[in-house]
Amino acid sequence: MTQTVIFTPKSLSEALEVLNDKKPVVLAGGTDLLVQIKGGGIPPPRYIIAIDNIKALKGIKKNGRKVRIGALTTFEEILDSELLAKFAPHLLEASYEIGSPQIRARGTIGGNIMNASPAGDSIPPLFVLEAHLILQSIEGRRKVAISQFHTGPGKTIRRRDELLIGIEFEAGDKSSRYFFMRLGTRKALAIAKVSAAGMLNIKNGHIGKARIALGAVAPTVVYAHGAQDLLAGKSLSPEVALLVANAAQNDCHPIDDIRSQAEYRQAMVGVLVERGLMRIMNELNGDGQR
Amino acid sequence: MKIKFRLNGRLINADIPGGMRLIDLLREDFNLTGTREGCGKGECGACTVLLDGKPVNSCLVLAAQLKGRAMVTIEGLSDGDTLDPVQRAFLEATAVQCGFCSPGLILAAKSLLDKYPDPSEEQIKRAISGNLCRCTGYSKVFKAIKMASETHRNSK
């Protein structure tokens, strides 16, 4: 690593020039990249671009119905955001589970997405928000649906001259309900064995749009299409939650690996989805009583 | 490459190799060996330092990323021979056995108390969840942090 040349641009335009000329490895918070280099997973890069000084890539804003999260926003900043607590509470639940205080102070949402792990905790919440990623290069800008971005573990459709600059999603309304649940070996510093996120639009007790996303049970985060189809038009009840949970188990293709086993993961997908739906049902019943 | 930053209050100009890690800069170039390397991959917290007031793993930061930032290591916490209240509380509660993890735990606690002077039990547990101790255990550490927060409150 001592031979590595490090670029530390202060502006986005400067960073895009370097990306175009040198095709460097991008370093945001460093909490994945530096671990992978140390572990030998990636050879020491010739060029690294450390983007953590680019202020334009930080912060959370709402413009009309669009919420925009800068790619360099740390998980600690997400946890402190009142805007996201209102419009993406399940992203806060996911951020709460990530790493440790030290990791959350450095780790960024953009880095979590770019690391492209099927177990990345911020990804299922963004799936159910139908978020878009904004990629920029000196040639221009493009928006990609998060569900189209990852192609396998560690793999994305980003070109090497592009930088992920932000994440955008449409804010929900009073009818939107969310959950995120995950299982890990312990509370801190454990990568998810399995995770699930959900978003339901519920009006007068009836479910309109429903989105369920599953983590760590396929080569990328996936939608549980069968479960989503079952939810549409229904009312939440313990019976429906169980039916949908069973369907979600058939929407995933987990494997055995160092963290867990396929059979356990498949069973737990059902448990997490059922718990998530039951929590929403109880929240709604609680609201009704007030 | 040349970098300028603040280390324990002092302004530093340094010329460093590109890919150097922050922990190596501290231990090898500045002889600040209170910052320990346990796992080297962000899981044990023994290398915790405060970067712009926040606890970070110095094994997961490049020295190049220090540009324009302010850093505090365990050596910068005391004022000469006068210990910081958090350090004093760790001594009084005997929250130390071998001491390897203590600098990281103390700095993690310090940053918690700076943000939340009167933390809940859950906040204390979360604040030290990135710091592993393999001999004393956590109950005395927990007690020390509570003591430090009470000292802080009584001194106001």
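In the predicted model, Asn57(B) counts as buried because its relative accessibility is 2%, and buried residues are those under 20%. Asn57(B) lies in strand β4 of chain B, which covers residues 54-57. Leaving aside residues up to four places away in sequence, Asn57(B) touches residues of chain A, namely Gln102(A) and Ile103(A), and also Gly42(B), Gly45(B), Cys47(B) and Thr48(B). Gly104(B) is 47 residues from Asn57(B) in sequence, with a C-alpha to C-alpha distance of 9.0 Å.

Helix α5 of chain B comprises the 16 residues 139-154. At 1.5 Å a residue the helix should span 22 Å, and the 23 Å between its end C-alpha atoms agrees with this. Val141(B), Phe142(B), Ala144(B), Ile145(B), Ala148(B) and Ser149(B) are the buried residues of α5(B). Seen down the helix axis, these buried residues fall within an arc of 160°, so they line one face of α5(B). An α-helix has 3.6 residues a turn, so residues three or four places apart point the same way. The face turned away from the buried side of α5(B) carries the exposed residues Ser139(B) and Asn154(B).

The cover over the buried residues of α5(B) includes α2 (85-92), α3 (102-115) and α4 (121-127) of chain B. The axes of α3(B) and α5(B) are 11 Å apart, and the two helices pack at an angle of about 40°. The crossing of α3(B) past α5(B) is right-handed. On α3(B), the contact is made by Leu105(B), Ala109(B), Leu112(B) and Leu113(B), and on α5(B) by Val141(B), Ile145(B), Ala148(B) and Ser149(B). Of the residues in this contact, seven are nonpolar, one is polar and none is charged.

Notes
Residues numbered from 1 in each chain as written. Chains lettered and ligands numbered in written order. Predicted model: local features only at pLDDT ≥ 70, side-chain atom pairs only at ≥ 80, totals over all residues. Heavy atoms only, no water. Helix = DSSP H or I, 4+ residues; strand = E, 2+ residues; numbered from the N terminus. Buried < 20%, exposed > 50% of the residue type's maximum accessible area, 1.4 Å probe, protein only. Contact = heavy atoms within 4.5 Å. Expected span 1.5 Å × (residues − 1). Arc of directions from axis to C-beta. Axes fitted to C-alpha atoms, helices over the stretch in contact; angles between N-to-C directions. Left-handed = near helix turned anticlockwise from the far one by under 90°. Nonpolar A, V, L, I, M, F, W, Y, C, P; charged D, E, K, R; others polar.
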